[in-house]
Amino acid sequence: MANIDVLDLNGKKVGSLDLAEEVFGAVNEDLLWEAVKHYRAAHRQGTHATKNKKLVSGAGKKLWKQKGTGRARVGSIRSPLWRHGGTVHGPQPRSYDYQFPKKKLLGALRSALAAKFADGKLMVVKSFEVKETKTKLFRESLDKLKVEVTTLLVEVSSAENRNLELSSRNIDGLELVRGNEVHPYHLMRYSQVVFAQPALEKLQDSLRKSSSRRDHEEKPKAEKKPAARRTRKAKAA
């Protein structure tokens, strides 16, 4: 079983945390791609719209009579064949969201955590104890942790840690999410991920329970006795 160091906000090691093999095991890249694609599709606005023949401006009167003029017949100035006419089969407002199985989402989350741990981009701190709501002080703590690129902070509940939310929201390239709201897209988008120890323990327990891994130990099966053969008794003559 692998483990990871637990640090404080000064960058000093204060303990270690065991990582479950069911969560931080293999990486399924195909599943990660599907989860990220679903997340981005669900967040598309879908507000694009075009005007069809019914919506464009222009009178509905027939321009000239049907026959006898020698010209092509036309019924409306709003015809799609004409300039400033309506658009045929143009995009209309719609939602790009679609159903995504929960088991696949949890599997992608396990793969994202395993990928971050394998790349050495996963960090665990004892807790985000921010005494003052000052961005400068929190930026100094991140420098001690050697966090220099885009970073994702995962806390158990950001509502309970108001100082952390106020101190981190103005730092460029930094995002704070709750442990129950973290998505594979978040983990793959940012270069580094910093977990609070309670948040990672809670997430790891829930992902371990949802894992469909089968036990390799097979129970011994009881040996079946061969069935006795039925013999026909010779009929007495």
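Y39 and Y185 are both buried in this predicted model. Their rings form a stacked pair, because the centres lie 4.5 Å apart and the planes meet at 20 degrees. Planes under 30 degrees apart count as stacked. The pair links distant parts of the chain. Y39 belongs to helix α1, and Y185 to helix α5, which spans residues 184-189. The two tyrosines are 146 residues apart.

The count of aromatic pairs comes to 3. Another of these pairs joins F24 and F117, with ring centres 5.9 Å apart and planes at 70 degrees, so the geometry is edge-to-face. The cut-off for that class is over 60 degrees. F24 sits in the loop between β2 (13-18) and α1, whereas F117 is in helix α2, so the contact ties together parts that are 93 residues apart in sequence. The two rings differ in cover. F24 has a relative accessibility of 11% and counts as buried. F117, at 26%, counts as partly exposed. The limit for buried is under 20%.

S168 lies in helix α4, which covers residues 162-168. This serine is buried, because its relative accessibility is 5% and the class requires under 20%. The side chain of S168 reaches the backbone oxygen of L164 at a distance of 2.7 Å. Neighbours within four places in sequence aside, S168 is in contact with F138, L153, L174 and L176.

K134 and S168 are 34 residues apart in sequence. In space, their C-alpha atoms are 8.6 Å apart. K134 is located in the loop between β3 (122-125) and α3 (135-144). With a relative accessibility of 46%, K134 counts as partly exposed, whereas S168 is buried at 5%.

The loop between α1 (29-42) and α2 (102-118) holds W82. W82 has a relative accessible area of 34% and is therefore partly exposed. This tryptophan belongs to a nonpolar surface patch, together with L63, I77 and L81. The four residues have about 400 Å² of accessible area together. Patch residues must have over 30% relative accessible area, and W82 stands at 34%.

Two histidines call for a look at backbone geometry. Most residues other than glycine have a negative phi. H84 has a phi near 65 degrees, a positive value in a residue other than glycine. H89 also has a positive phi, of about 55 degrees, and is not a glycine. H84 is found in the loop between α1 and α2. H89 lies in the loop between α1 and α2 as well. H84 is exposed, with a relative accessible area of 62%. H89 is exposed too, at 80%. The cut-off for exposed is over 50%. W82, in the loop between α1 and α2, is partly exposed at 34%.

Note on methods: Residues numbered from 1 in each chain as written. Heavy atoms only, no water. Patch = residues over 30% accessible without salt bridge, like charges linked within 9 Å, V, L, I, M, F, W, Y side chains within 5 Å. Areas by Shrake-Rupley, 256 points an atom, 1.4 Å probe, with all protein chains shown as cover. Salt bridge = Lys/Arg side-chain N within 4 Å of Asp/Glu carboxyl O. Helix = DSSP H or I, 4+ residues; strand = E, 2+ residues; numbered from the N terminus. Buried < 20%, exposed > 50% of the residue type's maximum accessible area, 1.4 Å probe, protein only. Polar contact = N/O pair within 3.5 Å; in protein donor to acceptor, adjacent residues only side chain to side chain. Contact = heavy atoms within 4.5 Å. Phe/Tyr/Trp six-rings, centres within 6.5 Å; stacked < 30°, edge-to-face > 60°.
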